[in-house]
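I am opening my notebook to record what I look up in this structure, one topic at a time.

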Amino acid sequence: MTWLRLLDDLDLADLPTVGPKAYYLSLLKQGGLPVAQGWVLTADAWHHGLGKMSWPQPEQDRLAPLNQGGFEALRRRSQQWQQALRDMPAIAPTAADWPPGPLDWGVTPTAWMLRASLWVDGSREGLGERGQSDLGGTRGDGLLPAQVEADLATLPQALPQFWSQALTARCLVVWMLHCQRLQELSLATLIMPVYPALVSGTLTRFEGQTTIAAIAGLGLALTRGEAIPAGCRVGQGGVADAIWTAGFQEHLYQLRPAVQSPPLAAVQSSPPPAVMAEPIQRVGRDRPELDHPLDSAQLARLVQLGDSAQAVLNSPGVRLEWLLYPSADPAQPTFVITQAAPWPDPMAVAPAPSPPPRARPQPALLPSASIVVQGIGASGGRIQGVAVVAKRPQDLPHPLPPHCIVVLPDLQPDMFFQLQAVTGIITERGGATCHAAILAREVGIPAVVGAPQATQLLEDGMVLWLDGDRGVVYGLSEDAVTHGQFQATLAQLKPTAPGDVQASISAQQAARYHQLNTRVMVNLSQTQRLDTLGLEPIAGVGLLRSEWLMLEILEGRHPWDWVNRGQEAELKGRIVQQLEPILQALGPKPLRYRSLDLRSHEWQALAGSPAAEPNPMLGLRGTLSYDIDDRLFKVELAALATLQRAGYTNLQLILPFVRTVEEVIACRRPIEQAGLTDYDGFALWIMAEVPSVLFLLPAYARAGVQGIAIGSNDLTQLLLAVDRDQPIMASAYDERHPVVRLAIAHLIQEARRCGLLCSICGQAPVRHPELIADLVAWGINSISVETAALPFTLEAVWQAEQGQGQSHT
């Protein structure tokens with residue numbers, strides 16, 4: 001019996017197996033409305049897949065044990081389950097399983113979208129991409145985002161990847177509130193073509209009012225927060241009285257014209273191509289303003305669709321997602337409905353199932369909020385505190401009040417260490433890999449970056465609830481604060497304290513981690529983190545950022561100010577004092593010290609700082625700056641040599657932001673003059689983050705380089721020409737992009753061919769743990785991550801080496 005159903009013939013009895021999203025679309029389709037064509041792969045396929053999984057624990061799919069062991073244990077279990085799901089035998093439909101057609105697509109399908117339609121057994125809770133049922137306040141990009149595929153032939157590979165999203169840690173937390181086992185969750189999959197949208201948006205009709213939001217192109221710009229939609233409200237006076245409010249959209253998403261899917265009959269007749277072009281592209285708009293996306297005739301047609309949908313669903317209101325795409329007549333583009341639900345109760349049409357509901361835990365309610373600010377989750381954790389808002393870090397009060405959350409336009413490392421007593425950090429600028437975000441993760445402060453207008457929307461003294469995992473900040477209402485709603489929520493959601501590595505790793509796990517071929521190391525810059533680090537399973541420090549280590553000892557003065565005042569000897573002594581406790585804690589394990597990489601804009605708060613450059617990312621930084629003036633570099637080398645003479649022969653040196661082989665050759669002379677190369681434990685490394693390194697590894701090996709440390713943060717932004725510090729470009733910054741993956745694989749394999757060691761110390765394996773299996777398969781020697789990421793990185797490497805991790809090469 002096939003698991004595929006057409007949307008045309010679903011009825012109420014199918015609701016538990018197809019979910020509300022598919023069911024409501026079917027109702028509208030049977031009512032004669034223009035609904036997107038497609039199929040639904042029923043939840044029977046999902047349940048069959050769960051039954052075929054090789055569960056890594058005897059409890060199998062039981063959710064109750066996930067409450068034990070804290071957030072890190074939940075994250076590890078989530079990784080194991082996701083991998084087991086991806087590893088199960090393919091169960092995707094064959095060509096014979098597809099229901100007979102032909103279907104009237106309205107367009108020639110060139111890409112396909114997979115969307116989740118969920119149902120929980122024994123309840124009225126239909127769960128969708130946006131979690132609009134009773135999910136304890138889940139909103140935003142959704143629990144299970146849609147997935148776009150260029151070819152139906154890739155469905156056997158795409159389905160496990162799509163389903164594995166339901167096993168992420170954040171989803172499991174929600175399922176635990178509603179289910180006892182995963183089998184009680186019914187996940188159906190809508191398979192629909194991606195239409196070449198001219199305009200897309202939402203329509204909400206309730207109490208005689210129709211509210212429309214619209215953007216240009218596909219709806220991804222809206223769901224990713226990259227556009228402010230144009231808005232229109234139509235009341236009793238009809239379309240003639242409608243007034244548009246302008247929106248703003250700099251980029252739109254559209255189908256890539258070159259993508260062409262094969263006919264359905266050919267889905268099983270040929271294997272999927274090894275490399276598939278991305279089916280959707282992001283392009284700039286000539287004018288960012290959005291004035292009237294729809295003309296009056298189109299607006300009237302859309303309003304009529306809303307009226308008809310409300311009548312078909314027989315509900316007080318309706319909410320639609322729609323798009324407008326070109327038809328055979330260029331003057332008459334066609335509307336199509338891609339999602340529908342009754343409004344304001346998404347389950348108004350669906351009656352309760354006949355079995356009596358059993359007692360189940362109630363989901364945690366989010367506190368009542370007077371305002372909500374959305375940004376990028378930079379450092380995990382959920383906390384409550386009082387807002388301290390300032391236009392510049394220098395304007396913050398001294399001392400800061402206890403339990404405060406600072407709200408700033410931006411935060412650079414030179415000011416960061418003055419804020420370590422704060423509870424949380426919110427900035428308007430910055431991305432997930434900006435230096436403020438990396439520092440916040442290292443010291444364990446929950447943070448949200450890239451939150452537009454945060455300093456205008458949040459008021460000084462306002463009580464805030466900050467969710468660093470989801471990138472959301474709530475300004476709590478006085479009623480929520482008075483009745484202590486947030487305490488109940490935090491009691492259920494508070495994760496394990498960051499950095500408590502030893503407590504997160506059992507003795508059995510530690511023993512097997514000692515057998516790893518791929519070394520797992522830690523990125524470090526703070527001596528005060530040593531007590532909680534737990535160095536037993538760690539192979540050493542893979543990256544010590546010297547500029548951050550020095551911030552604690554500079555007394556508010558720029559390093560060049562010390563040198564220019566003739567205080568090189570004192571600065572050297574202070575560096576030695578900072579490094580020695582770390583070396584003592586490490587014992588014989590290596591410490592890779594990255595010499596100073598001073599980007600001018602990050603140090604402006606320090607006295608004696610050089611002027612900020614127009615483009616500091618590509619300015620005088622890294623080893624090129626040593627060639628211009630090597631005095632500060634020689635101070636660092638003298639400090640390292642002092643420690644070597646004191647017996648710390650495990651010191652290694654990483655040269656930062658190396659552009660050319662000539663820069664390395666120029667650095668070799670002072671390194672040798674300092675005597676660093678006289679010790680057997682010394683090794684010279686370079687950061688592999690400038691794209692030129694892809695072509696120069698043999699030359700670097702001949703120049704005396706012994707290892708490369710892949711800096712995925714800068715490498716990604718330079719390969720893709722994306723500023724990682726700009727939140728509006730966050731969606732374009734992706735370390736999983738095929739170009740970045742190819743570059744990393746090439747560096748690892750070419751380094752091995754040249755006899756070089758290879759490590760990665762950027763944020764890629766932290767932000768995307770699924771890359772770890774690939775790194776191991778490509779042959780990387782070591783992976784260095786921040787403290788909080790050590791437990792799941794160790795486990796992921798162990799699984800990959802045992803053949804349990806699935807490489808996506």
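My entries on this structure follow.

**Entry 1: the model and the overall count**

I note that this is a predicted model, in which local features need pLDDT of at least 70 and side-chain atom pairs count only at pLDDT 80 or more, while totals for chains, interfaces and linings use all residues. Residues are numbered from 1 along each chain as its sequence is written, and side-chain values use heavy atoms, with hydrogens and water left out.

I looked up the secondary structure and found 27 helices and 33 strands, where helices (H or I, at least four residues) and strands (E, at least two) are DSSP runs numbered from the N terminus. Of the 809 residues in the protein, 58% are buried, a word that stands for under 20% relative accessible area, with exposed for over 50% and partly exposed for what lies in between (1.4 Å probe, protein chains only). I also looked at contacts (heavy atoms within 4.5 Å): among those between residues at least 6 apart in sequence, 72% join residues at least 24 apart.

**Entry 2: a sheet of six strands**

How many strands form the open sheet that I looked up, and in what order do they stand? I counted six, in the order β11-β10-β8-β7-β16-β17, with antiparallel pairing. Two strands are taken to pair if DSSP finds at least two bridges between them. In general, strands of a sheet pair through backbone hydrogen bonds, either parallel or antiparallel.

At the edges of this sheet I found β11 (243-245) and β17 (334-343), each with a single partner strand, so one side of each is left without a neighbour in the sheet. Neighbouring strands of the sheet are turned by 20 degrees against each other on average, direction ignored. For such angles I keep in mind that axes are lines fitted to C-alpha atoms, for helices over the stretch in contact, and that angles run from 0 to 180 degrees between N-to-C directions.

I then followed β7 (residues 199-206), which is joined to β8 (residues 209-216) by eight bridges, the two strands running antiparallel. Within this pair I found G201 opposite A214 of β8, and T202 opposite A213 of β8. The hairpin of β7 and β8 has two residues between the strands, and in it E207 takes a positive phi near 55 degrees. β8 also pairs with β10 in the antiparallel sense, over five bridges, and there I212 stands opposite C232 in β10. Six of the eight residues of β8 are buried, so this strand is largely enclosed by the rest of the structure.

Helix α1 (residues 15-30) lies across β16 (317-325) and β17, and runs at about 120 degrees to β17. Helix α7 (residues 296-313) lies across β7, β8, β10 (230-234), β11, β16 and β17, and runs at about 140 degrees to β16.

**Entry 3: helix α24 and its partners**

Which residues carry the contact of α23 with α24? The axes of these helices are 10 Å apart and pack at an angle of about 125 degrees, which makes α23 oblique to α24. Under 35 degrees counts as roughly parallel, over 145 as roughly antiparallel, 65 to 115 as roughly perpendicular, and the rest as oblique. I listed L715, T716, L719 and L720 of α23 with V739, V740, A743, I744 and L747 of α24.

The axes of α24 (residues 738-753) and α26 (residues 771-778) come within 9 Å and cross at roughly 30 degrees, and these helices are therefore roughly parallel to each other. The contact is made by R741, I744, A745, I748 and Q749 of α24 and by L771, D774, L775 and W778 of α26.

**Entry 4: two buried residues**

I looked up S712, found in helix α23 (residues 712-720), which counts as buried because its relative accessibility is 0%. Leaving aside neighbours within four places in sequence, S712 is in contact with Y733, E735, I760, G762, Q763 and A764.

Not counting residues up to four places away in sequence, A387 touches I405, V407, E459, D460, G461, M462 and L464. The C-alpha atoms of A387 and L458 are separated by 7.5 Å, although these residues are 71 apart along the chain.
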